[in-house]
Structures are given as structure tokens and as C-alpha cells.
Amino acid sequence: MMYPLVRELAADGIPVAVTCRVLKIARQPYYRWLAQAVSERELGQAYLSNALFDAHRDDREFGYWLLGDEARDAGHLACDRTMWRLCRDGRRWSIFGKKRGTKGGKKPGPPAHDDLVRRDLTAQAPNWLWLTDITEHPTSEGKVYLCAIKDVYSNRIVGLLHQRPHEVAAGRGRVRERRRQTGR
């Protein structure tokens, strides 16, 4: 908000029209703001927010409900929804909040294979150690699977494959056929 600056410059003798033109703001909203810089509602909510801040500083275990009770005991009147909004805007939450899960509430499953490198993720030369990850991405046309292969030595992606579910099933069939042919 540039209006306090305009007011200070006007007090120093610089015309309001010049200041507004330089700052590229309109004069009429400035004069409206000057007539009533802070509304009664804004002032009351600022005092209430300060009371909520003081109560939260004293006891961080309080949620908005108990913070509102503390503010009411201090003489502030407001509904619970206003107390909640001011606590949310001021990020005043109880330290005993709800547990937040991972994305979508899903936890990672067990590893698909044994840890053959025993968490030693260093490589002495290129193509010595590769890491791979397969992720599933839902789209409007169905799921897409993405597989990335990373060379640990160069820290670059050396292989990338993306397939739709029907392509994955066909690929499994090709792998099984190749295993039968090679005897592995």
C-alpha cells in the first residue's frame, strides 16, 4: 500500500497529484483511504487477532476453539467462524494437530526386490551401478507407467520407458518368451 508514503510526502510539501503521478496510482482512492484509513471492522479484527496471538504464544497446545475462549475472556466478541479464520490466516494451530499422511493417504509398499548393493550407492566407473524406479501416473485415458534407469556414476538418466497397461502386459509376455528361449 503506497498511501502512507503519499501522506508522508504531502506532509513534506510535495503535492499529492505529483506523487500519485510518479507512483502511477489514482488520486481518488488515496483521498478515500485518507478519509478513513482503517475501518472499525478492520481495527476490531486486528485487536482480536492480537489477542489470539497472545493466547497462542502463552499456550501452543490450544486450537482455535480454546484460543477463541481466551480472546472472549479478554473481552473480545466474535463468532467461532471468525476466530477460526483469524487463526488460519495467522497460522495459529495447535501443536497436537491431525496427523498428515503421505499423498493420497497411501504409504509405500514393501520393496520389490532385495537390496543387492546394501545401500552402497557409489560407483567406480560408468555403467557400474544403475538404479531404477517405476511409477504409475493416472491420466484421463488410463494409467501410464514410467520407468527410469539412472547411472550412479554420472548421475544421469540412461534409459526411460513409458507404457500403457496393455503394453505392459504384452511386454511381460515377451520377457517370459525370451526367458523360455534362453533358459533363464
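Visitor: Where in the chain is confidence lowest, and where is it highest?

Guide: In this predicted model, confidence is lowest in helix α7 (residues 165-182), with a mean of 66, and highest in α2, where the mean is 92. The chain as a whole averages a pLDDT of 82, and 86% of the residues score at least 70.

Visitor: Why are I14, V18 and V22 called a nonpolar patch?

Guide: A patch of this kind takes residues with over 30% relative accessible area and no salt bridge, and joins nonpolar side chains, Val and Ile among them, within 5 Å. I14, V18 and V22 form such a patch on the surface, and together they have about 240 Å² of accessible area.

Visitor: Which residues is T82 in contact with, leaving aside its neighbours within four places in sequence?

Guide: With those neighbours left aside, T82 is in contact with Q45 and L48, where contact means heavy atoms within 4.5 Å.

Visitor: How many of the residues of the chain, as a percentage, count as buried?

Guide: Of the 184 residues, 18% count as buried, and the accessible surface of the chain comes to about 15300 Å², with 54% of that surface belonging to carbon and sulfur atoms.

How values were computed: Residues numbered from 1 in each chain as written. Predicted model: local features only at pLDDT ≥ 70, side-chain atom pairs only at ≥ 80, totals over all residues. Heavy atoms only, no water. Patch = residues over 30% accessible without salt bridge, like charges linked within 9 Å, V, L, I, M, F, W, Y side chains within 5 Å. Areas by Shrake-Rupley, 256 points an atom, 1.4 Å probe, with all protein chains shown as cover. Salt bridge = Lys/Arg side-chain N within 4 Å of Asp/Glu carboxyl O. pLDDT = per-residue confidence, 0-100. Helix = DSSP H or I, 4+ residues; strand = E, 2+ residues; numbered from the N terminus. Buried < 20%, exposed > 50% of the residue type's maximum accessible area, 1.4 Å probe, protein only.
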